Amino acid sequence: VLNIDQVGYYRVDYDTSLWHSIINQLLVNHSVINPINRAVLQNEFYLGYTEFNRVNAADGLRLLSYFGVETESIVWNAAVLTLKDLNEHLFGTAVYEQFLGITKGITKPHLKVVGYDFMDGEDLEKSNLRSVTKTWNCMALDDDCFHNEYEKFLDFFENQDVANFDFC
């Protein structure tokens with residue numbers, strides 16, 4: 001990984017074999033790469049995927065598969081472009097269900113820890129992690145997320161009160 005801690009204002013254009021090595025490292029032990037660089041890598045991966053074609057959708061799915069243990073919301077937020085792009089490009093294909101399965105698999109562990117609902121006094125990092133993982137968990141139509149949000153919607157509908165819920 002080059003440009004450690006993002007000290008320079010430039011992009012790194014890794015070749016395919018280096019991307020595969022970086023993805024393998026993230027899968028084995030992501031913590032050896034600091035959170036800032038993990039976030040930058042998400043953005044550089046997206047650029048490589050969309051502009052340089054050094055990586056492909058299969059590499060994107062492999063890269064995302066470590067996110068079940070990624071707890072830094074800065075990294076999750078940086079990966080949103082890749083998630084959106086993969087969702088758009090894989091929709092309607094034979095591997096879309098696999099993408100949804102990976103999405104559920106990487107978001108659900110975090111929601112078991114942080115929960116589906118904001119709690120008074122919680123720190124910003126926990127709230128941000130919940131926000132991004134819940135959005136993608138719900139997008140993947142996870143049953144737990146769907147039922148949680150549906151219950152909040154019913155409560156809103158029955159009580160005609162102010163409510164905060166996501167559409168799944």
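Colleague: In which helix is Q42 found?

Modeller: Q42 is found in helix α2, which spans residues 35-52. Helices here are DSSP runs of H or I with at least four residues, numbered from the N terminus. This is a predicted model, in which local features need pLDDT of at least 70 and side-chain atom pairs count only at pLDDT 80 or more, while totals for chains, interfaces and linings use all residues. Residues are numbered from 1 along each chain as its sequence is written, and side-chain values use heavy atoms, with hydrogens and water left out.

Colleague: Why is Q42 called buried?

Modeller: Buried means under 20% relative accessible area, exposed means over 50%, and partly exposed lies in between, using a 1.4 Å probe and protein chains only. Q42 has 1% relative accessibility and therefore counts as buried.

Colleague: Which residues does Q42 touch, leaving aside those up to four places away in sequence?

Modeller: Contact means heavy atoms within 4.5 Å. On that basis Q42 touches L63, Y66, F67, V75, A78, A79 and T82. F67 in turn touches Q42, V75, W76, A79, I106 and H110, with residues up to four places away in sequence again not counted.

Colleague: What makes a group of residues a nonpolar core, and which members of the largest one touch the most others?

Modeller: A nonpolar core is a set of buried Ala, Val, Leu, Ile, Met, Phe, Trp, Tyr and Cys residues joined through side-chain atoms within 4.5 Å. The largest has 39 residues, of which W19, L64, F67, W76, L86, L90 and F99 touch the most other members. Two or more residues come from each of α1 (16-29), α2, α3, α4 (73-90), α5 (96-114) and α6 (124-139). The most comes from α4, with eight residues.

Colleague: What makes helix α3 mostly covered?

Modeller: Six of the eight residues in α3 (residues 57-64) are buried. They are A57, D59, G60, L61, L63 and L64.

Colleague: How do you know that R38 and E70 form a salt bridge?

Modeller: A salt bridge requires a side-chain nitrogen of Lys or Arg within 4 Å of a carboxyl oxygen of Asp or Glu. The closest N and O atoms of R38 and E70 are 2.7 Å apart, and the pair forms a salt bridge. R38 lies in helix α2 and E70 in the loop between α3 and α4, so that the pair links distant parts of the chain, 32 residues apart. R38, at 5% relative accessibility, counts as buried, and E70 does too, at 0%.

Colleague: What does the salt bridge between D117 and K152 tie together?

Modeller: The side chains of D117 and K152 meet at 2.6 Å, N to O. D117 lies in the loop between α5 and α6 and K152 in helix α7 (residues 143-159), so the pair ties together parts 35 residues apart in sequence.

Colleague: Why is D117 called partly exposed, and why is K152 called buried?

Modeller: D117 has 36% relative accessibility and so counts as partly exposed. K152 has 18% and therefore counts as buried.

Colleague: Which residues are linked with D117 and K152 in a network of salt bridges?

Modeller: The network links D117, K134, E149 and K152. Within it, the side chains of E149 and K152 meet at 3.1 Å, N to O. Both residues lie in helix α7, three residues apart, about one turn of the helix.
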